[in-house]
Structure formats: structure tokens, C-alpha cells
Amino acid sequence: MGMPDAEGHGPPEGLPDLPPEWGRVVVPDDATALAPEAAQVRRELRRAARRAAGRPPLGLPLLVLLVAVLTTLAGLVAVNWPRSTRTTDRPSPGPYAPPAALIGRPLPALDLVDAGQTPVPLRGLVPAVIILVDSCTCPERVAEAIAAAPPGVTVVTVTHLGAEPATPTAGAAAVRALADPTDGLRSFLHLPPRPGALGAVLVDRAGLVVSVHPDLGPVGSYRADLARLAA
């Protein structure tokens, strides 16, 4: 319960006392008497609002700082990341091996031409030892093949352009020199021209591929296939 002051002004019954530090509080009968104080309070509130609006929010500078730090770290990682050393040395290609799927396949119906540009069906010459001599004439190896060919087996030398007349050799039933201007036989055998390489294919009586040789070796390396051609 509040007690009246020395002048007899005290709080009404049932209301608590005001804080002593407030001093004496006088409530005027006319509210307009408080207009100057109200205007002063409004001015102070507006100034406080302007100061708060002029300050940037704390979260935005932190976000900018975080992005800058992450960007710097990413750049350092990219610069210092170990890189694999590149070498300009290329592995040397190994010896060419024709596809194994060619064995047992029929020889395509190719028409080659002789020295007089007359078409010659290649299938009409089987069984045959067909030697590609446009990358290497290799006369010694060709002569060995002609001498080792069993009777009834044709030895065919094939060039890309002009076909030189063949010189028959004892021991071979037939020797033909033909040209393949379209390189159809090389395309079928997947044998690209290689300097010094004497490609060859052996075909039996049925026109089926018996063996493919990217570089024809000595007769001993394909003598067994020659025997199969004569069977």
C-alpha cells in the first residue's frame, strides 16, 4: 500500500508506489500540455530509426568474407594440385596382326586386271597363294613361294597399279601377275601397305581363307598351309 507524501499526495488505495528516482510525477488535467514532450520523444525515435537503417546488416559482410576465403582456397588448391606429366614419346606400334576372323571366310568376288587391263576374277584362280608386292617386290621370297607351290596351286602377285608379266617357274602350275587399282584385296585383308612388308593370303579350293601373312616369311613358316591348299 502506498503512503501519501508530505503534501498529502499519495497513491490511490490498492496501487503500488512509483519508483523514487522518478521524483514527483504530475499528471496535467489537459493532455495537450504534454505535446512538447511527445514531439521530443518522436524526434528521438526517428533519429534512432535512421541510425539503424544506415548500418549494413552483420550477415552480409560475413557472407562476402566467406565467399572470398573459399575462392582463394580453391585457387590455391588448383595451382598446387599435382599434375600428371605428359610425354611426347609415342609407343612404337607392334607388329600388325590381321583379324583372326578372316580365317575360314570366303574370298570376296574381286576382279583384278592383268597387264593388258583385262579383268580377271580372283576366285577363278583358287587354290592360290596371293602375294601383295606393291610395298616390297622381294623377288627372293616370291621365287621361294613359286618354287614351293604344289601342282594345281596358282601363285598370284598383286600390285596396286600396273601388273608386270609373270615369269613361270618350274614346280608351279600357274603364275599370274595382276593389279588391284581399288585395293579391294587389301581392304578385305586389313593389310595396309608397309615398306618392306610382303603381305600374302592363302586360299583353298573352296575359296576360303586358310592363312593371312602380314609379312611373308620363309617357306618353312607356311609349308603346312601349302599342303592344305593342294588337298
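## A tour of the cavity and the salt bridges

Select L132, D134, V158, T159, D180, D183 and R186, which line the largest cavity (a cavity being a set of points, on a 1 Å grid over the protein atoms alone, where a 1.4 Å probe fits but cannot get out, with lining residues having an atom within 4 Å of a point). The model is predicted, so local features need pLDDT of at least 70 and side-chain atom pairs pLDDT 80 or more, while totals for chains, interfaces and linings use all residues. Residues are numbered from 1 along each chain as its sequence is written, and side-chain values use heavy atoms, without hydrogens or water.

The structure holds 1 cavity of 30 Å³ or more, and the volume of the largest is about 30 Å³, taken as the space filled by probe spheres set on the points. Its lining comprises 2 nonpolar, 1 polar and 4 charged residues.

Keep D134 and R186 selected, since they form a salt bridge whose closest N and O atoms are 2.5 Å apart (a side-chain nitrogen of Lys or Arg within 4 Å of a carboxyl oxygen of Asp or Glu). This pair links distant parts of the chain, 52 residues apart, with D134 in the loop between β3 (128-132) and α3 (139-148) and R186 in helix α4 (residues 184-189). D134 is partly exposed at 31% relative accessibility, whereas R186 is buried at 8% (buried is under 20%, exposed over 50%, partly exposed in between, with a 1.4 Å probe and protein chains only).

Terms used. 1 Å grid on protein atoms, 1.4 Å probe; cavity = no way out; pocket = protein on both sides within 12 Å on 5 of 7 lines; lining within 4 Å. Nonpolar A, V, L, I, M, F, W, Y, C, P; charged D, E, K, R; others polar. Helix = DSSP H or I, 4+ residues; strand = E, 2+ residues; numbered from the N terminus.
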